[in-house]
Amino acid sequence: MDKHTKVIEIEEVVIRFSGDSGDGMQLTGTLFSDTSALFGNDVATFPDYPAEIRAPQGTVGGVSGFQVHFGHSQINTPGDYCDVLVAMNPAALKANFRWVKPDGIIIIDTDAFVEKNIIKAGYKEDPLKEEPLNGINLIKAPISSMTRESLKDIGLDQKSILRSKNMFALGIVSWMFDRPLEHAIKFFNKKFANKPLLIEANTKVLRNGYHYAETIKAIAFNYKVRPAEITKGTYRIINGNTATAWGLLAAAEKAGLKLFLGSYPITPATSILEELAARKDLGVKTFQAEDEIAGICTSFGASFTGHLAVTSTSGPGLALKSETLGLAVMTELPLVVINVQRGGPSTGLPTKTEQADLMQALYGRNGESPLVVMAASTPSNCFDYAYMAAKIALEHMTPVILMTEGFLANGSEPWKIPDLDTYPEIKPPFAPKDQPYSPYEKDPDTLVRKWAVPGTPDHEHRLGGLEKDPATGGVSYTPEIHEFMVKAREEKINRVAKDIPPLAIEGDEDADLLIIGWGATYGHLLTAIDSLRKEGLKLALAHFNYIRPLPENSGEILGRFKKRLVCENNLGQFANYLRMNFPEYPYHQFNKILGLPFTVEDLKDAIRKNLEV
Amino acid sequence: MQEVTQLKPEDFKSDQIVRWCPGCGDHAVLSAVLKALPQIGYKHEDVVFISGIGCSSRFPYYVNTYGIHSIHGRAAAIASGVKVANPNLSVWVITGDGDALAIGGNHFIHLVRRDVDLNVILFNNRIYGLTKGQYSPTSEIGTVTKTSPFGTIERPFKPGGIAIGANGSFFARTIDSMPKLSTEIFIEASKHNGASIVEVLQNCVIFNDRTWADITDRQFRDDRVIVLKHGEPMIFGKERDKGLILKNSQISVVKLGENGITEKDLLVHDAQTEYAGLHLSLANMEYPTHPVALGVIRSYNLPTHYDQALTDQVREVQQKSKIKNMKDLLHSGATWEVK
Ligand code: SF4
């Protein structure tokens, strides 16, 4: 080994930290990715963890992983395969080996590779013999024992000592990629402000990990990933759920309304409720309801009083909210529903990602019950689409379902802090105070009714779930009136299309294949297409954020290309929706239902195959 | 709250034709509410009625205030949202035994637990009227209905037992045919800070006629009910010759004058005490062993109720926090400059 370490510059790196769900891998990954972002890299992350809070220790089912992709160029996905795998035990190796690049690096805690753990992980004998490791650079580090050794005199119990072994691993990786340790140390100081012993312990273990790697020259060279060339501005790290919560806050501020969130904890949507509960400083009222139904019902009530009213949930919760959504359709009150999709049906895969709630969002209610459906496509643009969902709900007096996904909710990336002055105005159609009020009188162009809220003199009125006469607002069972109202509600939603941006395509105007996606698959689709275009293929991407109504130019764009391939993490719900709306075109499909995001490699294969047929 | 004296009951009446069956107990409750509204001190536009589904839930259409005729069982949850969002409103929930205690049972108990400052009028006719006569969660064992042709085998709920058992702060009971008492109770419910539950024993002439007749028929009503008044001894009877005492930790009926019993031996009603044990016993009294308790049975003002506590908490946090607007929030915590 050289005395001097070489420094090698590389474009991008994927690291996966993995261990038992109690090993602190999420924190380790977050600290590493934040450090990288602060360093100026573009970053994308993907946490992958079991639904159980403390899944059986040492088993493959209990493995918690956190993947970080960082680089000098633009990063659109958390990466398929990793350059470095940190495996804190045999189960972590077993669960993740297939995600390691053939020439990758694996760092293991040798202390955890004892017979008991090896058997628990499902290996027959020595995993280092069972896995095909040729080509892999295996770094065997006695992480647990060195952590113990580092802290033997510090005065902590054995359990607490071992809990900081993740920081030893972080130290090793930090050296390998030339990352400064300040951010992590700052974090310890804040997090353990009242426990100085833990600050000392974590800092010491982190530094010892770093020096260990340096001393043994863990790898013959250390890597340097230069800062990315990013547009000027102030940046911060943001994940999808925080971005969603903040987008709603920004919309409330712009509209001059107070924000109300009625919600019930559900994975992976809960952190939206948590974030907004903490935002009382901005006047938010959150109501942790007794169930999903009360979550949306309290929001519905708040909407009646003139608030920007929101409820957040995931698939099973959306199912429970459907009756009240119908009431909001019928009474034409603004209501934003955030549906952070997870694997289904039923309880399904609570912590995994999927796009299979689309039909539920579009049609999962009794009667003809049209509403607006939208989808965010990156962690940070959850902010923009939450803002737009609120704007459309308020200005068009309608419920809006914004679909995000587990993959966006927990994934994070650097985000240039936006200038809110550049965001469009939000002007709810409040009834003029000095004019007579009729609740179902509609604007002739938009078919939107006016909003009068309790407390306004002379605008007293009753809303309800029964069909009504638009002239008087009174209950009506007249057949023709029902038909008229059903069509009016449908047409009102169709006319929202006038207020949404046209669908844009990325890639080649004269592409041989149009790739179609919606929601969280954007980063993977774009990366796959960019990479294949570099190989000379002619491809274009049409990615949908507005689903109902569809952008007005959708049909025209679909017709512009010879072939269409719809890629989704479900069995083809959006493809079928397009077939229904534009039956004149044939659609090919690429679908995965693994509870995981696409891999760029799989997408590239699918695209190549579809070009051949 | 403002003092508004000039409003009259007619001012709260809407122009809608009232569609309840002739003779339905709901009519009398409506007029008792219309009489109470001018006296609760709220402006017309600050009153909101929220109902669920059922015969009584048509109610909001007949009062000329803000209102929502919502969906089955959810009125308590929707009204909680209305009140929490805007605590300046006087918010009333109109519900029935099926709406509040079957499909909406969860929202009902949680409304009571949170003590949101709402006024709930629970029309208890012990039957599903709108769906034409099926037994409800308050129907007595053995009730023969279309869905219990051989008699029900389910034990009924008592709304008072649930409300007080769930640590409710206010429970009162009235009878549809006693509109003056109803009006008084509705005014008390409005004054109470917290969730006020008022059970109205209501007659459904079509599907469950005379369900409460044992106690409500005028000829013997006064001997079978007791109207409780805070601070007054528990006396009842046409001749005001009967009373309630506590004996072996149980409430017993005694005759004044017999065995040397005088008014001084009787229980004195304390609706405002925190201790709910006696309130629960009073609310659960049944004819024929006891008179059925009417009036305000429990009215305990907690130091604070949900909507007020939330408003206070928001204000406190706003005073302390450095984050005053979105811009502050966006730039809070770890950020970095790219130059
Ligand atoms: S069915 Fe019974 S409860 Fe319903 S309106 Fe008629 S009498 Fe009243």
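1. The shell around the ligand, in this predicted model, divides into eight nonpolar residues, two polar ones and no charged ones. In this count Ala, Val, Leu, Ile, Met, Phe, Trp, Tyr, Cys and Pro are nonpolar, Asp, Glu, Lys and Arg are charged, and the others, Gly among them, are polar. The residues around the ligand include B:W20, B:C21, B:C24, B:C55 and B:C204; B:N125 and B:Q202 are also among them. A residue is taken as near a molecule or strand if one of its heavy atoms lies within 4 Å of it.

2. On conventions: residues are numbered from 1 along each chain as its sequence is written, chains are lettered from A and ligands numbered from 1 in the order in which they are written. Because this is a predicted model, local features need pLDDT of at least 70 and side-chain atom pairs count only at pLDDT 80 or more, while totals for chains, interfaces and linings use all residues; side-chain values use heavy atoms, with hydrogens and water left out.

3. The contact between the two chains involves 63 residues of chain A and 55 residues of chain B, contact meaning heavy atoms within 4.5 Å. The area buried between chain A and chain B is about 5,000 Å², and carbon and sulfur atoms give 65% of it. Buried area is the accessible area (1.4 Å probe) that two parts lose on being put together, summed over both.

4. How many salt bridges are counted between chain A and chain B? The count is one. B:R114 forms a salt bridge with A:E290, with the closest N and O atoms 2.8 Å apart. The term requires a side-chain nitrogen of Lys or Arg within 4 Å of a carboxyl oxygen of Asp or Glu. Across the interface there are also 28 residue pairs in polar contact, both residues at pLDDT 80 or more. A polar contact is a pair of N or O atoms within 3.5 Å; within protein, one must be able to donate a hydrogen and the other to accept it, and residues adjacent in sequence count only if both atoms are side-chain atoms.

5. On the side of chain A that touches chain B, the elements giving two or more residues include α1 (25-39), α10 (240-255), α12 (292-304) and α13 (315-331) of chain A. α12(A) gives the most, with eight residues. The residues of this side divide into 34 nonpolar, 17 polar and 12 charged. Helices (H or I, at least four residues) and strands (E, at least two) are DSSP runs, numbered from the N terminus.

6. Strand pairing also links the chains: β9(A) and strand β12 (residues 336-338) of chain B pair in the antiparallel sense over three bridges. Two strands pair if DSSP finds at least two bridges between them. A:T234 stands opposite B:E337 in β12(B).

7. Within chain B, three strands form an open antiparallel sheet in the order β8-β9-β10. Its edge strands are β8 (235-236) and β10 (250-255), each of which pairs on one side only. β8(B) is joined to β9 (residues 242-247) of chain B by two bridges, and B:F236 stands opposite B:K242.

8. The whole structure has 34 salt bridges over all chains. One of them joins the side chains of A:E552 and A:K498 (3.9 Å, N to O). A:E552 lies in the loop between β21 (546-548) and α19 (554-559) of chain A and A:K498 in the loop between α17 (479-494) and β18 (505-507), so the pair ties together parts that are 54 residues apart in sequence.
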